[in-house]
Amino acid sequence: MIGACGMVEAAPAAGGDFVTVKKTHFARKGQAYYIAGANFWYGGYLGAASGVGERARLLKELDNMKAIGINNLRVLAVSEKTEMNSAVSPATTSAPGQYDENLLVGLDFLMAEVAKRDMTVVLYLNNFWQWSGGMTQYLNWFEGTPALDPNVTKDYDTYMQKTAGFYRNAAAQAEYRNVIAKIVRRVNTITGKPYTEDTHILSWQLANEPRPGNGKATAEEKAVYVKWVDEVAGYIHGLDKNHLVSSGSEGLAGSAQDAQLYLDAHRTRNIDYLTYHLWPKNWSWFDSNNPTGTWDNAIAKSRDYLNSHIELAAKLGKPIVLEEFGLDRDGPSFSIKATTRIRDRFYREVFEIIATRAQKGDPIAGFNFWAWGGAGRAANPDYWWKPGNDFVGDPPQEEQGLYSVFDSDVTSLLLIKEYADRLHAIRR
Ligand SMILES: O=C1NC[C@H](CO)[C@@H](O)[C@@H]1O
């Protein structure tokens, strides 16, 4: 629709067009709404008008995702400039109060194109991990502590424990709220529509995989984390009365294996639905160098993880979304030429549980696989990302091809379509 000012404008939002929670399900436009989604962290980057922007690619990626039934994208809304090696550049914010308008317009463009395809987006506003600067970079700004890349130090335990200091740093929290307000209060420069009025935003998300600290988080660290989730989610609702808010938690793996902590952090009325992630290889349940020897262990633990979190959501009476899961290519290999038989078998196991329980009416509201690589291709023989290279589903902290689903992975794409169709057919 072309408005009087000549700007591309979506039809005015009717109240019913926002995604809402109805008991333990999502609803949208008077229907139950199930997510058959992709992680597409770099969607805003492709939408930029210059520099890293690749708008022609973005349109093709969105069309290809739409064609296989993908109706939701999980996208990084803001990145922080950092010295850490395995982080994306450029970044949305290079210092407190300084923003790259080209990247913000990129997000505008993405949202405008998502609206045309009637997809929805989950936008995460920070990152516990280093690949977009994230919480560690805030501490570098406000504590003066060095931003140490765990891919370099190889000490993830210390990284996690230090990064959780973000929650208790008043200056970092104040700037984080400034950044949240900058994004949430933004008026889309392509459509002229305020983000708070955009019915194609499904939810604002506090961060990607916020954790209370490392696996030995203390009672005090856990209490700080629970308070942080409640307060920031409440702050976002204060800015935006229309949209849902989620945490971005991985579930127990991101809650020091403490179910009570996971429940306590998500009990607040400020959190509208639960999230969880499933990573058998990252969590050493599956060894891709010994697939036959570790498959049974990995799939048993995965099934338990999938089902037990749906029970936790039922306890809180809220929907839950499996918003990340993945496995690497056969071999293992990062090469796009490698087959994906084991990954496809894993995806089918995951999808079958999600679809069956969703059809039964259990509080599982859908999935986002990690992650859409599409037409992107690894540029370097070592598969590591360098500025100027294609973006793929794997962020710069990991080899480009580790978990990405590429446009040539036909068996995977057909599998995603099969289950997207099943979820979209659910009527409630
Ligand atoms: O959020 C995340 N979860 C797991 C992904 C794959 O390891 C990782 O790339 C990302 O930081």
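A polar side-chain atom of Glu324 lies 2.7 Å from a nitrogen atom of the ligand, a polar contact in the sense of a pair of N or O atoms within 3.5 Å. This is a predicted model, in which local features need pLDDT of at least 70 and side-chain atom pairs count only at pLDDT 80 or more, while totals for chains, interfaces and linings use all residues. Residues are numbered from 1 along each chain as its sequence is written, and side-chain values use heavy atoms, with hydrogens and water left out.

Which residues are around the ligand? Among them are Trp129, Trp131, Asn208, Trp279, Asn282, Trp370 and Tyr403, where near means a heavy atom within 4 Å. The shell divides into 6 nonpolar, 3 polar and 3 charged residues; Trp, Tyr and Pro count as nonpolar, and Glu as charged.

Let me turn to the backbone. Trp370, one of the residues around the ligand, is joined to Ala371 by a cis peptide bond with omega of about 10°. Ala371 is in the loop between strand E13 (364-369) and strand E14 (372-374); strands are DSSP runs of at least two residues and helices of at least four, numbered from the N terminus. A further cis peptide bond joins Gly331 and Pro332, with omega about 0°. Most peptide bonds are trans.

Key:
A polar contact is a pair of N or O atoms within 3.5 Å; within protein, one must be able to donate a hydrogen and the other to accept it, and residues adjacent in sequence count only if both atoms are side-chain atoms.
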